[in-house]
Amino acid sequence: MQMQARSRMYWSVLVFITTLLLPCVSSAQGKFTVNGRMKVEGSDLDGARAVVMKDGVRERTITVNLNKFSLDLDLNANYIISFEKEGYVSKKLSFNTHAPLEAVPNGFTPFDFAVSLFKQYDDINIVVFNQPVGMIRFDNRAGDFDYDTDYTRSIQTQLQEVLDKVAKREKDEAANAKEREQRAAAEAKEKAKAEAEAAKLAEARAKAAAEAAKQEEARLKAEAAAAKEAEDRAIAEAKQRDQAEAQRLENERKAQQTKAQQVAEKPKVEAPAPVEKPAPKVVPKADPLPKPEPRPVAQRSAPDPMKSLVVEGGDTRREIRPVIVEEAPRSALATVNKRDETRPNQEVDEPEVVREEQLLVEANSVTTVVRLTLAEKVDEYRRVVHKWGGNYYFKNGEACTQEVYQREARSTDAIAGAVARGKMD
């Protein structure tokens, strides 16, 4: 009986002790949940991280879902969570999870917080951010975890001073950025305007060039049509001349045939018998007249032109000897009045003939163009040689003969008296 009583007492004490120890075990195994949000001013969360330190030892590093994350912190420990990104000021939060044992069974309200990182500037002192910007610990008055207001007030002035400088710098940068943006927009607008004007000018130039090309094409077509018309006209005229010449030759041939036929058809007439001519009489030659002996000069008298001299023993014909009288030259009859007279030199401007020659080689013909310019008068001569053998000549667009072309355009005098200018454009 005593043994059973002792056994019951032992189990009763064990149950009581276990009941007393339950709060301690729950406190050792309890958690404190924190819900955090991270933000980077003027940027995104790429490259950002949250480093969790427990009692001075790195426990984990969070790199994803930093815009909204949750952590279960062990009780009775000291946590430092550092929020970092390259080029931005790092911020730290301190979590002291020590809590009274009697508060553990009731649990704790999840703690929500948000951390914003701003850009780091070399000329702004950020030593104050080497320490946590906030400290969370158990508040006995509230019976839960909350910010340590005394700690916050101790660093609030330094934090605010840095934040004011950063805000001013960000404002200046925003203003500069806006100014740069406006300037870039103005430059882009001016560039677009200049490009539009350049495009418009290029379009106008292209249009003018197309119009000029169109006019040049029309001119070339007109010249080609005129040349074709002149060539056709020359060919027609040459053909007419050839036909007329062929007709003339044919007519001559027919006339000769008709004449030959008439001669052949005419009756033949017998030639008369030859008549014997009498022999010519032989007349003896008369003796030559004796030459008169010259008389002395003193006895010579002026001959009488009207007197006929009869030579004795000669024929009955009279001989008239010419009387030679020396006559003074007619120029001697004029009175010569010699005077020294100075005549002014008069310069006479004789118009010169300008000669230009050009050779045009085409698919089926070769054209020689000769242009003679005298004052305001211009004469143009063309010689067109076709590959099929035809030669045609033109003067001022009208057909002419080869003789006219050779005499006026190709003669030695025409070339020697002209001033050559070389080939025509």
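Biologist: In which sense do strand β5 and strand β6 pair, and over how many bridges?

Modeller: Strand β5 (residues 78-84) and strand β6 (residues 91-96) pair in the antiparallel sense, over six bridges. Two strands count as paired if DSSP finds at least two bridges between them. Strands (E, at least two residues) and helices (H or I, at least four) are DSSP runs, numbered from the N terminus. This is a predicted model, in which local features need pLDDT of at least 70 and side-chain atom pairs count only at pLDDT 80 or more, while totals for chains, interfaces and linings use all residues. Residues are numbered from 1 along each chain as its sequence is written, and side-chain values use heavy atoms, with hydrogens and water left out.

Biologist: Which residue in β6 stands opposite Asn78?

Modeller: Asn96 in β6 stands opposite Asn78.

Biologist: What is the strand order in the open sheet?

Modeller: The order is β3-β2-β5-β6-β8-β9, six strands with mixed pairing. At the edges stand β3 (57-62) and β9 (144-147); each has a single partner strand, so one side of each is left without a neighbour in the sheet. On average, neighbouring strands of this sheet are turned by 20° against each other, direction ignored. The axes are lines fitted to C-alpha atoms, for helices over the stretch in contact, and angles run from 0 to 180 degrees between N-to-C directions.

Biologist: Turning to the rings, how many aromatic pairs are there?

Modeller: The count comes to 14 aromatic pairs. Rings of Phe, Tyr and Trp (its six-membered ring) pair if their centres lie within 6.5 Å; planes under 30 degrees apart count as stacked, over 60 as edge-to-face and the rest as tilted. Phe32 and Phe145 are stacked, because their ring centres are 4.1 Å apart and their planes are at 25°. Phe32 lies in strand β1 (residues 31-40) and Phe145 in strand β9, so this pair ties together parts that are 113 residues apart in sequence.

Biologist: Are Phe32 and Phe145 buried or exposed?

Modeller: Both Phe32 and Phe145 are buried. Buried means under 20% relative accessible area, exposed over 50%, and partly exposed in between (1.4 Å probe, protein chains only).

Biologist: What about Tyr393 and Tyr405?

Modeller: Tyr393 and Tyr405 form a tilted aromatic pair, 5.2 Å centre to centre with 45° between the planes. Tyr393 is in strand β13 (residues 391-395) and Tyr405 in helix α4 (residues 402-408), 12 residues apart. Tyr393 counts as buried at 9% relative accessibility, and Tyr405 is buried at 2%.

Biologist: Which residues do ring pairs link into a cluster?

Modeller: The cluster consists of Phe69, Phe83, Phe95, Phe111, Phe113 and Tyr147.

Biologist: How many salt bridges does the structure hold?

Modeller: The structure holds 27 salt bridges, each being a side-chain nitrogen of Lys or Arg within 4 Å of a carboxyl oxygen of Asp or Glu. One of them joins Asp172 and Lys168 (3.3 Å, N to O). Both residues lie in helix α2 (residues 149-265), four residues apart, about one turn of the helix. Asp172 is partly exposed, with a relative accessible area of 31%, whereas Lys168 counts as exposed at 54%.

Biologist: Where do Glu217 and Lys221 lie?

Modeller: Glu217 and Lys221 both lie in helix α2, four residues apart. Their side chains meet in a salt bridge (3.5 Å, N to O).

Biologist: Which residues are linked in a network of salt bridges?

Modeller: The network links Lys395, Glu403, Arg407 and Glu408.
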